[in-house]
Number of protein chains: 2
Amino acid sequence: MIRLRRLEEKDWPAVWSLMEPIIREGETYPYARDMDSAGARHMWVEVTHTQYVAEDEQGNILGTYYIKPNQPTLGAHVANCGYMVAESARGRGVATAMGRHSLDEALRLGYRAMQFNLVVMTNAASVRVWEKLGFHIVGELSGAFQHPTQGYVDAYVMYKVLAD
Amino acid sequence: MIRLRRLEEKDWPAVWSLMEPIIREGETYPYARDMDSAGARHMWVEVTHTQYVAEDEQGNILGTYYIKPNQPTLGAHVANCGYMVAESARGRGVATAMGRHSLDEALRLGYRAMQFNLVVMTNAASVRVWEKLGFHIVGELSGAFQHPTQGYVDAYVMYKVLAD
């Protein structure tokens, strides 16, 4: 069972533990690979709108995601989200559960669409999850991501309309 | 003759005079239509990397643009620019001159590509200029811009590779 709830102050150490290896690896998000806990907290919590965690029945944190407007005022009806799943919890549907939850939450918060700006092409698992949840690849950005081992790789813009 | 140079501290009042009607109109950029001079200065100057003005032979400011990284560290080799042309200077090639200058500057600054995230579809003049300068529409974002008179309109992601 995966339970989704709002991220609370007390969750940060556990959230940072799952984020740190993903940031150090640098294969899926553009964040500086040497980012520290304060930097991560700034970009994941302080400059976003709402944050969530996914946990198991024992309260172990399996993943986290945020929602924020993708653009200022006249583009603020399009949501942007970021998601991270603990390495130890891969393959259990955590990303899918967070994705579904985020789509419901975005609608509830009044957003009309959701956009991912930089889905790294080599991150095939993520592309699959987002396509399963109804996102479309609307653009391909040639060489837009500097992969630590593969060099400059392409990234996708993915988009899903929530409300007509 | 249109001369391009770096924006200086003393230019701000003239730059704000040309920006204000464009922001108030709200048809091309997502910025809050009631943004004041300090807010505009923050988003155009303080959070960007480099700023420029276009001026005529008498030193009248005709336009302004900025360059900044479009994403954090691992995506920071892709430039993002914003451009505004004074209403009184439309039709004189100011956007094209700034566009060409920005492509040269971006290369000089070490960027490998340039991306526009939200080119409003109804802004046909801009789309034409960017296509003329070698940008491609790589994505269409359904209803991503809230136009003040036309409601939710589509916007394009446009992209140009600068270095291979």
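# A walk through the two chains

Start in chain B: select helix 3 (residues 94-108) and helix 4 (residues 124-132), which pack at an angle of about 40° with their axes 10 Å apart. That angle makes helix 3 of chain B oblique to helix 4 of chain B. Keep in mind while you look around that this is a predicted model.

Now show side chains at that spot. From helix 3 of chain B, the contact uses B:Ala95, B:Thr96 and B:Gly99, and from helix 4 of chain B it uses B:Val129, B:Trp130 and B:Lys132. Colour them by type and you get three nonpolar, two polar and one charged. Which hand does the crossing of helix 3 and helix 4 of chain B have? It's right-handed.

Next, hop over to chain A and pick helix 1 (residues 12-25) together with helix 2 (residues 37-46). These pack at an angle of about 100°, with their axes 10 Å apart, so helix 1 of chain A is roughly perpendicular to helix 2 of chain A. On the helix 1 side of chain A, select A:Trp12, A:Trp16, A:Met19 and A:Ile23; on the helix 2 side, A:Ser37, A:Ala40, A:Arg41, A:Met43, A:Trp44 and A:Val45. The residues of this contact divide into eight nonpolar, one polar and one charged.

Stay in chain A and switch to cartoon for the sheet. It's an open one, with seven strands in the order 1-2-3-4-5-7-6 and mixed pairing. At the edges sit strand 1 (3-6) and strand 6 (136-147) of chain A, each pairing on one side only. Neighbouring strands are turned by 25° against each other on average, direction ignored.

Zoom in on strand 2 (residues 50-55) and strand 3 (residues 61-69) of chain A: they run antiparallel and are joined by six bridges. For one example, click A:Ala54, whose bridge partner in strand 3 of chain A is A:Gly63.

Last stop: display both chains.

Methods. Residues are numbered from 1 along each chain as its sequence is written. Chains are lettered from A and ligands numbered from 1 in the order in which they are written. This is a predicted model: local features need pLDDT of at least 70, side-chain atom pairs count only at pLDDT 80 or more; totals for chains, interfaces and linings use all residues. Side-chain values use heavy atoms; hydrogens and water are left out. Two strands pair if DSSP finds at least two bridges between them. Helices (H or I, at least four residues) and strands (E, at least two) are DSSP runs, numbered from the N terminus. Axes are lines fitted to C-alpha atoms, for helices over the stretch in contact, and angles run from 0 to 180 degrees between N-to-C directions. Angles under 35 degrees count as roughly parallel, over 145 as roughly antiparallel, 65 to 115 as roughly perpendicular and the rest as oblique. A crossing is left-handed if the near helix is turned anticlockwise from the far one by less than a right angle, and right-handed if clockwise. Contact means heavy atoms within 4.5 Å. Ala, Val, Leu, Ile, Met, Phe, Trp, Tyr, Cys and Pro count as nonpolar, Asp, Glu, Lys and Arg as charged, and the others, Gly among them, as polar.
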